2 protein chains.
Amino acid sequence: MPELDLIRRIRRLSGSRWIGDDCAVLPQRPGEELLVTADLLVENVHFRRRTHSAGDCGWRLMARGLSDIAAMGGTPRYAFVSLALAKWAGEQWLDAFYRGLLKLARRHRVQLAGGDLTRASITAAGIVVLGAVPGGTALRRSGARPGDIVYVSGALGRAAASKWRDLPEPRLSLGRYLRAKASACMDLSDGLALDLHRLCLESRCSAAIDEVPVYPGATPAQALTGGDDYELLFTAPPATRIPCSLRGLALTRLGVITAGSPGRILFAGRPLAPAGWDSFRRINPPARGMTELK
Amino acid sequence: MPELDLIRRIRRLSGSRWIGDDCAVLPQRPGEELLVTADLLVENVHFRRRTHSAGDCGWRLMARGLSDIAAMGGTPRYAFVSLALAKWAGEQWLDAFYRGLLKLARRHRVQLAGGDLTRASITAAGIVVLGAVPGGTALRRSGARPGDIVYVSGALGRAAASKWRDLPEPRLSLGRYLRAKASACMDLSDGLALDLHRLCLESRCSAAIDEVPVYPGATPAQALTGGDDYELLFTAPPATRIPCSLRGLALTRLGVITAGSPGRILFAGRPLAPAGWDSFRRINPPARGMTELK
């Protein structure tokens with residue numbers, strides 16, 4: 001099928017007004033800052049053809065993008081999806097991929113506004129999500145200060161325990177709620193141990209944690225290093241009241257930010273290595289969950 | 001090398017302030033509309049490891065993105081670059097890729113504002129460029145009307161004649177110049193025959209052309225269907241004065257927009273098939289220029 005027909009197909013599925021020009025033309029709103037995030041989903045790294053359906057791949061890609069907007073306290077508006085399609089990914093795969101992606105997008109009123117398409121020897125997808133926050137209110141990784149309390153939403157290790165088959169929910173309402181409360185925030189895409197290390201590096205501080213909410217059926221190791229949970233990790237000054245839960249989503253106090261060496265994490269008093277998901281640590285890493293599946 | 005070190009390396013090369021949070025936070029300017037474009041550059045489709053240097057790959061990717069902003073009459077501001085790196089693409093390749101990309105970006109005052117990195121079995125890159133136009137002035141593909149004159153910048157077939165080794169220059173000043181003059185505009189990424197067909201489809205009209213400026217050393221077929229020239233194809237009402245050249249760049253009158261069947265093109269009185277670069281027309285297409293090189 002020629003590219004023009006594929007684009008027509010995506011237009012029809014998405015109802016997108018913008019696909020057709022060289023660029024999307026988007027309005028700007030006064031008083032807002034723009035949020036932009038980019039994410040990849042690559043065959044044999046983030047998913048495998050045999051174990052992940054096209055619809056789940058589409059949902060996951062959109063969830064990764066939306067979760068970054070949630071982590072900044074923003075409202076997502078537009079998504080740009082680029083696809084390199086292997087020969088095995090035909091029109092049915094393409095349709096199911098976009099249906100999965102659009103299901104999550106519509107739930108959060110995000111419009112598909114463009115992208116690019118090409119053939120390739122593997123299937124790979126990239127997403128860029130544009131969102132917005134009121135000027136000056138974006139949550140950053142760099143705002144944690146010694147004495148701040150460290151929190152996490154939900155329970156960790158869920159993705160690893162489901163063998164990376166669950167569909168994550170981006171925590172968009174929590175992110176917006178935290179805008180006036182959190183001193184720093186990020187989403188947990190690569191595991192608590194690695195991501196808390198990153199937050200502390202950006203904030204030039206250390207952290208000491210004592211507790212981690214483990215998802216039922218997950219091991220403590222999966223909760224610490226499994227990754228792909230897309231919960232929000234955040235800090236707030238001790239005087240800021242953070243409830244135990246928000247609309248049914250648990251918010252757990254993990255520990256405290258300290259003034260030590262930047263990026264150093266203590267868990268129950270012992271150093272915690274910044275281990276987690278990193279496709280560059282191993283050559284040709286197996287797709288997530290594959291080691292468990294086989 | 002772990003991902004954190006690779007990100008540090010890219011931060012150092014680019015001097016980017018934004019890489020580090022989950023999203024880039026960008027200012028909006030009153031009275032402007034936002035332009036957004038997405039493009040892919042995939043190994044064995046758009047380039048090959050043996051014939052295209054890392055620096056040229058970086059330049060080409062940036063040129064593809066900037067050319068779309070030029071086609072809309074915009075000013076580019078920010079770029080987001082995502083990279084899936086095969087094992088063969090080590091730190092030296094990465095450095096050279098970003099140097100090539102940043103050289104062109106700096107010439108047009110475009111800032112690298114984010115992206116994503118992963119390992120993969122092939123090397124593939126995606127770019128999203130954000131730009132802006134004064135509200136309501138963006139050039140579209142859909143504005144051509146019967147009677148409008150069809151123009152093209154530069155000479156065509158240059159990329160094919162150089163065996164896809166030349167480095168394209170995005171026509172950003174021409175695009176801005178055309179904002180108040182052109183009725184429709186797009187960039188020539190896939191060849192005149194296919195791209196003029198697309199412009200006429202979007203404008204629901206036909207075109208009759210009599211002349212094509214052929215690059216010295218290129219064949220007429222390369223000029224019509226070679227693609228990758230990144231010149232601007234545009235239309236303007238007959239009363240609008242378009243000079244023969246602008247700052248040394250030739251602007252050639254190709255023919256006229258007519259009221260026929262949408263997308264139908266006549267060249268010297270005979271139907272011209274919408275042939276050109278389309279990675280979906282062939283299964284596992286060779287990289288551009290490879291058929292000529294071997």
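This is a predicted model: local features need pLDDT of at least 70, side-chain atom pairs count only at pLDDT 80 or more; totals for chains, interfaces and linings use all residues.
Local features rest on pLDDT of at least 70 and side-chain atom pairs on pLDDT 80 or more, while totals for chains, interfaces and linings use all residues. Residues are numbered from 1 along each chain as its sequence is written, chains are lettered from A in the order in which they are written, and side-chain values use heavy atoms, without hydrogens and water.

Chain A superposes on chain B through a rotation of 180 degrees with 0.0 Å of shift along the axis, at an RMSD of 0.0 Å (least squares on the C-alpha atoms of residues with pLDDT of at least 70 in both). This is the relation of a two-fold axis. The copies meet through the same surface, because 100% of the interface residues of chain A are also interface residues in chain B.

Each chain brings 69 residues to the contact (heavy atoms within 4.5 Å). About 5900 Å² is buried between the chains, 58% of it on carbon and sulfur atoms; this is the accessible area (1.4 Å probe) lost on putting the two parts together, summed over both.

Between the chains there are 7 salt bridges (a side-chain nitrogen of Lys or Arg within 4 Å of a carboxyl oxygen of Asp or Glu). One of them joins A:Arg141 to B:Asp22, with 3.1 Å from N to O. On the side of chain A that touches chain B, strand S2 (residues 32-42) supplies the largest share, 10 residues (strands are DSSP runs of E, at least two residues, numbered from the N terminus).

Definitions and conventions. Helices (H or I, at least four residues) and strands (E, at least two) are DSSP runs, numbered from the N terminus.
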